Amino acid sequence: MTPSVLFVCLGNICRSPLAEAAFREEARRLKLDVIVDSAGTGDWHVGSPPDPRAQAVARKNGVDISILRGRQVKPADFRRFTHIVALDEENLANLRRLAPADAMADLSLLLDHVEGREGQPVADPYFGDDDGFDITWSDVTAGARGLARKLRRKD
């Protein structure tokens with residue numbers, strides 16, 4: 001079965017689209033066949049593009065995320081994806097509450113896939129300055145690399 005990964009944060013306009021982009025790039029680099037998407041636990045930004053600051057940091061790192069649009073996690077996602085990866089503990093707890101009885105996806109935090117960072121959140125840059133988005137990019141890139149390596153070993 002082709003692995004499939006859904007990255008989840010609160011609004012799906014900052015951290016999770018950046019994680020999706022970083023993971024897509026890492027999967028491409030490793031020639032890993034995987035399905036990738038992102039979503040939010042909240043519905044405030046459904047249909048909205050990523051935050052302009054998220055788009056800028058992605059672009060600065062050679063990735064265009066302007067076509068992505070915010071969406072909310074659905075019960076079907078727990079059956080469609082093999083892995084649902086939260087960006088912080090609050091969203092992980094929300095995912096556990098939202099998961100239907102027949103959920104198939106493995107739930108984890110993104111930084112659980114980085115040795116020595118297990119249990120740590122990816123800081124939400126939304127209310128901060130542009131530098132926060134650089135830190136977020138660094139974190140999601142590290143998490144994407146760790147997760148992609150784990151999935152590649154399972155092939």
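The buried residues of helix 1 are covered by, among others, strand 1 (4-9), strand 2 (35-40), helix 2 (52-60), helix 4 (89-98) and helix 5 (130-154). Contact here means heavy atoms within 4.5 Å, and buried means under 20% relative accessible area, exposed over 50%, partly exposed in between, with a 1.4 Å probe and protein chains only. Helices (H or I, at least four residues) and strands (E, at least two) are DSSP runs, numbered from the N terminus.

A word on the source: this is a predicted model, where local features need pLDDT of at least 70 and side-chain atom pairs count only at pLDDT 80 or more, while totals for chains, interfaces and linings use all residues. Residues are numbered from 1 along each chain as its sequence is written, and side-chain values use heavy atoms, with hydrogens and water left out.

Back to helix 1: 12 of its 16 residues are buried, including Leu18, Phe23 and Leu30. After the helix comes Lys31, with a positive phi near 55°.

Now the rings. How many aromatic pairs does a search of the whole structure find? It finds two. In one, Tyr126 and Phe127 have ring centres 4.8 Å apart and planes at 85°, so the pair is edge-to-face. Rings of Phe, Tyr and Trp (its six-membered ring) pair if their centres lie within 6.5 Å; planes under 30 degrees apart count as stacked, over 60 as edge-to-face and the rest as tilted. Tyr126 is partly exposed at 31% relative accessibility, and Phe127 is exposed at 78%.
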